[in-house]
Number of protein chains: 4
Amino acid sequence: MIGHGFMGAAHSQGWRVAPRFFDLPLRPEMAVVVGRNAQAAAEAAEKWGWSESATDWREVIGRDDIDIVDIVTPGDTHAEIAITALEAGKHVLCEKPLANTVAEARAMTDAAAAASARGARAMVGFTYRRVPAVTLMRELIAAGKVGRVQQVRAAYRQDWLVDPAVPLAWRLQKEHAGSGALGDIGAHIIDMTQFVTGLAVDSVSGVLDTIVRQRPLLGSGSGLSGTAAEGFGEVTVDDAAVFTGRLSNGALASFEATRFATGRKNALTVEVSGDRGALAFDLEDLNTLRFYDRTAPDELQGFTRILVTEPQHPYVSAWWPAGHMLGYEHGFSHQVVDFVTAIHDGTQPEPSFADGLRVQRVLEAVERSSDAVSVWTPVGG
Amino acid sequence: MIGHGFMGAAHSQGWRVAPRFFDLPLRPEMAVVVGRNAQAAAEAAEKWGWSESATDWREVIGRDDIDIVDIVTPGDTHAEIAITALEAGKHVLCEKPLANTVAEARAMTDAAAAASARGARAMVGFTYRRVPAVTLMRELIAAGKVGRVQQVRAAYRQDWLVDPAVPLAWRLQKEHAGSGALGDIGAHIIDMTQFVTGLAVDSVSGVLDTIVRQRPLLGSGSGLSGTAAEGFGEVTVDDAAVFTGRLSNGALASFEATRFATGRKNALTVEVSGDRGALAFDLEDLNTLRFYDRTAPDELQGFTRILVTEPQHPYVSAWWPAGHMLGYEHGFSHQVVDFVTAIHDGTQPEPSFADGLRVQRVLEAVERSSDAVSVWTPVGG
Amino acid sequence: MIGHGFMGAAHSQGWRVAPRFFDLPLRPEMAVVVGRNAQAAAEAAEKWGWSESATDWREVIGRDDIDIVDIVTPGDTHAEIAITALEAGKHVLCEKPLANTVAEARAMTDAAAAASARGARAMVGFTYRRVPAVTLMRELIAAGKVGRVQQVRAAYRQDWLVDPAVPLAWRLQKEHAGSGALGDIGAHIIDMTQFVTGLAVDSVSGVLDTIVRQRPLLGSGSGLSGTAAEGFGEVTVDDAAVFTGRLSNGALASFEATRFATGRKNALTVEVSGDRGALAFDLEDLNTLRFYDRTAPDELQGFTRILVTEPQHPYVSAWWPAGHMLGYEHGFSHQVVDFVTAIHDGTQPEPSFADGLRVQRVLEAVERSSDAVSVWTPVGG
Amino acid sequence: MIGHGFMGAAHSQGWRVAPRFFDLPLRPEMAVVVGRNAQAAAEAAEKWGWSESATDWREVIGRDDIDIVDIVTPGDTHAEIAITALEAGKHVLCEKPLANTVAEARAMTDAAAAASARGARAMVGFTYRRVPAVTLMRELIAAGKVGRVQQVRAAYRQDWLVDPAVPLAWRLQKEHAGSGALGDIGAHIIDMTQFVTGLAVDSVSGVLDTIVRQRPLLGSGSGLSGTAAEGFGEVTVDDAAVFTGRLSNGALASFEATRFATGRKNALTVEVSGDRGALAFDLEDLNTLRFYDRTAPDELQGFTRILVTEPQHPYVSAWWPAGHMLGYEHGFSHQVVDFVTAIHDGTQPEPSFADGLRVQRVLEAVERSSDAVSVWTPVGG
């Protein structure tokens, strides 16, 4: 595993727990954590249960006893590491976003295609696809339960930037983060929309907004938990992105990604309206899925709140009895299950790097539209 | 209309509005308001749109141009007025509870039976039966949608007595009110349980509780809006009643009536569990009904939130388009519709005085059980 | 009252009921219903409780005993009737939208300004402003409870056009209706956004979409309840409108108006996010308002579901005790109260025709943006 | 760990995960799984990550390298194992219910008291106390946020027995299970009520009900997933228990434990009403807590839905960022944290065996009341 921040914790939990609840065809071993700082990497290995730590990712990738490279570093480093690993014949799991630019994402996708021919698998970590309610949503749409998709609305709302005292961390600087709310959380709703509907976002019109334009410089500490120093600096990424997309079947989809939705903590919501029904998901209530069936008797129609904790539901039978809630991190175990199974079976795991590239292209089109007074802009590729 | 308090306002609204939205077979005229205080009665007639006012209810009942007597006085006066009116050949609508004692309720029921033979109709005002979602609930249960009823839970929760400064109004004194939470709001959940299930409460075990035993004496003003005087007096009715009933098919039903459920304002809830499904209603969300269908495909089961505002739903087509909410007072219009229709058709309106008596008998059995360390007590009659 | 369709029923209920629950400074009399068809007008007068009916609105406006003209006809007739009435010195209540075009709306606003100098009042019927929870929302924002407004999201979602068998009624033809979802329900969310925030929508970017482009021709009957004939015709208005607005303080607001949100019946929702809190309203749960207070202790923060049925809340004390629900039509009574009070006091009632014009200008800007590949478009005026 | 069923999986997950997210003062090692069947025990050890397996629990308890005994066997075996372990100087974590009888529970409590003097700790596994929202509920009540507790309502509703085809597993036979819904899930709501309020249940009145009295005999397989054989047998435990308790401060608490609440899967709900506020919890929405503050301004009062995922909330800061949901199993990690910390610190972990005994005494009083036509029955001890 290259990197060991918040995502490192989540991935480690996935690797540790998945083999206990699922019958995996291969038994993964948690070998090495790589980080720039030797001491921090050693501490992370100890804390999260990896056998060793190292500081040189190239060296680790070069080792024969390493089969899988799990990349949880910031987005600007993904391309170099992933391509190196794929060329070395390793299977690669790369955290989202696939890269900070379309060019990088394309290079990675090419590398994945080449590696695939040699038997190496590449997968990008849109873990929310593996929340059971989201997987069920896709299955129900594929089975025709909402009929023809006619409208989609998707939003990812957080509020951690409402406080103007939050300092100017690297995530708020374009040179490091590439993008703000759009790239970080907007990527999730684009991927989820495409995943659950089976449709592509073909063109977009949108606007990016930076609501608090100056923030205190970062003092001691790092990241979001850092403390403020004296002086102010410019926020150079978007705080919120509002955009509309045209799907490949002609339907409109509306999107909002924001870190300024006061009171909304991690509110990823998707609602798909079709001519036979509708489905709605909310990540703040992740064990449920709401389904409206237009084919039900008139007097009984309404949104059914399905508690997605039954053994019939995706992934659930491996866990607890009906009615016992799953949490945020279970998706990371499901990701391990599907990735390891694909490696064993020699099949392409999903979401592929090509899926990640497609999301990147939509993000880039939104930025171009925003720069051009929101004109409709085709998604490249 | 005899009486003109809060219930007088609600009944007046029913008489005024029902003929506008529904095609009634008879056109009722709002003739006389009767009250002890001549000025107050005159003001009430003016405010609520009645042609005249009077102070002597016997005289008004004696008038030939009066066909219907609507009784909205306190419970201890119901029997005398209703029996007099029925004996005079008038149709009688009597607000709940039918009476303060079983003996009175029985006499009223006997009078209603005798009057019925002479063509006079009698009905008791359990208006909540006519909330469309409640009527729908009964229809669905009657149609077998929940299968065999196996458990019922019903509660009516308010919180207006939590404040210890609320003064000792007549409603908190046994000699005037007869009963506290049990008789006032407990009556509703007993009636609603029997109505929606079609089953009778045959025996009960329960306990009454007075949580704040002393309150400031009532100063100026009256009723619940009165102000406190110096000194304290004893609360002699129950603040809360918790009881369990055995229904006529053997199922258990649990009940709670309380004025001490902090934060619950008018939360009448009923949930019926059967072997094929369940239905749940909440008066604080009165335009909806929740239905669980055990016969649906396993992966789609869940509580469906039916918005009971479709033209297919009871009473709704007379009002607004789908999705437009009804409120508390619409039930009073529905009551007028059903009462007037029964008068016209010569049929027995429901709930009958016999239904009111049955509720009274359950209330009395709960009191007896509470007095006898909660032993199971058969409902008389 | 000119016109007597669905809105005529709602306005009649307002005129009939308001004086019963509120102490009005003037006592309105329900005089004449005007309709093109004499028999239908006579029936409407009888059904909704007006003394007379007539077919010539000019004649009725010319009568000396008529003080108030209430216009509930389709939008394309508003301008002529309202201007005539204002010039005749009548007070005018005009149902929304103020007009079908900006030009008409401007002429009406000019007429209202001129009439105002002569003591005649003009008001437009955005009744949802008078849902108690909406009025409370405005008051709380004005009192600083959400702080600086930083984002708004507003949507009005219905689903009555999802069924492709719904015939081609006049509402779906541009020459009669002027606009589709945008003008009909989009107008509400624009007005409500401006009302609750006290901010104007200054520019917009958006897209209109017609999802079902051909529908069966209308056979017998009229309006939405008509039956289909043979043959198909073109739908020439929008089924859905998705747009973004820039408010006068710089904040972004996102909007959606749709008749294709499967399962959503009358779901007008508005959420305002500020730097001190947030407020959220949903018309399908109209007795509640959700408030998030960022100034509360950290561990207690969350959305508070306020049941807006307490005597302290706007309009509520005139109705029922706490916890008793109001419905759709109560706003029409509140409208009468405020209109009659303004007439009596000689003050300008709100929303004024100028408010209606402002909404019309936003609608027109959305249409222009949609026609111009969604480029940002300033709101005229 | 003695035993390795469903609870064994949950406890194993707690032991495995807790040290990764929390800084424990001691580092537990997962040593031995004990089960009667050698092969099954070996498989469980392999699956759940224990170093060894064994079949003789006495032998394992006798080992010097074993410090902690975790008991997850059926209730009828708890007493013997726990007492043996405590006498051997081991720390003991015993799954709830503490025992099947009061006598056993008392003997265990005595053994725990004796062992405590020698430094061995004993704890019973009411894990739901450690759902962060529940711990927060207790803290808020202790801090006076609801004021004086005046009413409590607690329910645990499941529906897995509604299907009459569910076979007659050991859980439905009194000789093996001791009790039905009462002992299994009723125990939870008694403990939780006492835990969050800090009050004891002093006396009770209640009734047990067996709704489906005959079930198919169990064929192949075991437990709840077994298949039916030919023939029917008698259900000898309760399917539902409805009871009322008097708390040590005089307040009434109502309880329901049922396996027949159609549509409710794991709905443990507790609501505490006090004179300053109220708190409500629902295990099917376990990341939230609802708080009503009677001291808030009148027009802003309502239930606040607190998302208990902030770093300020109990246990949460060790996990994920705000808004990221926890699931059922996280309580088992929290249990490990608190147990290991108490062992290290030499303090008494909670809930103690005495707490478990107190729950057992309440259960026994409910059974006695049910046998005696529901008369009020004091809780022994």
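Predicted model: local features only at pLDDT ≥ 70, side-chain atom pairs only at ≥ 80, totals over all residues.
View 1. The contact draws 31 residues from chain C and 31 residues from chain A. On the side of chain C that touches chain A, at least two residues each come from strand E6 (149-157), strand E7 (201-209), strand E10 (240-247), strand E11 (252-258), strand E12 (267-274) and strand E13 (277-282) of chain C. With four residues, E11(C) gives the most to this side of chain C. Sorted by class, the side of chain C that touches chain A consists of 14 nonpolar, twelve polar and five charged residues.

**View 2. Relation between chain A and chain B.** The same surface serves both copies, since 100% of the contact residues of chain A recur in chain B.

**View 3. Domain 1 and domain 2 of chain A.** Chain A is divided into domain 1, which covers 6-125, and domain 2, which covers 131-328 + 358-371. Taken over C-alpha atoms, the centres of domain 1 of chain A and domain 2 of chain A are separated by 25 Å.

**View 4. Contact between domain 1 and domain 2 of chain A.** Here eleven residues of domain 1 of chain A are in contact with nine residues of domain 2 of chain A. The side of domain 1 of chain A that touches domain 2 of chain A comprises, by class, seven nonpolar, two polar and two charged residues.

Methods: Residues numbered from 1 in each chain as written. Chains lettered and ligands numbered in written order. Least-squares fit on C-alpha atoms with pLDDT ≥ 70 in both. Contact = placed C-beta atoms within 7 Å. Nonpolar A, V, L, I, M, F, W, Y, C, P; charged D, E, K, R; others polar. Domains from an automatic or database assignment.
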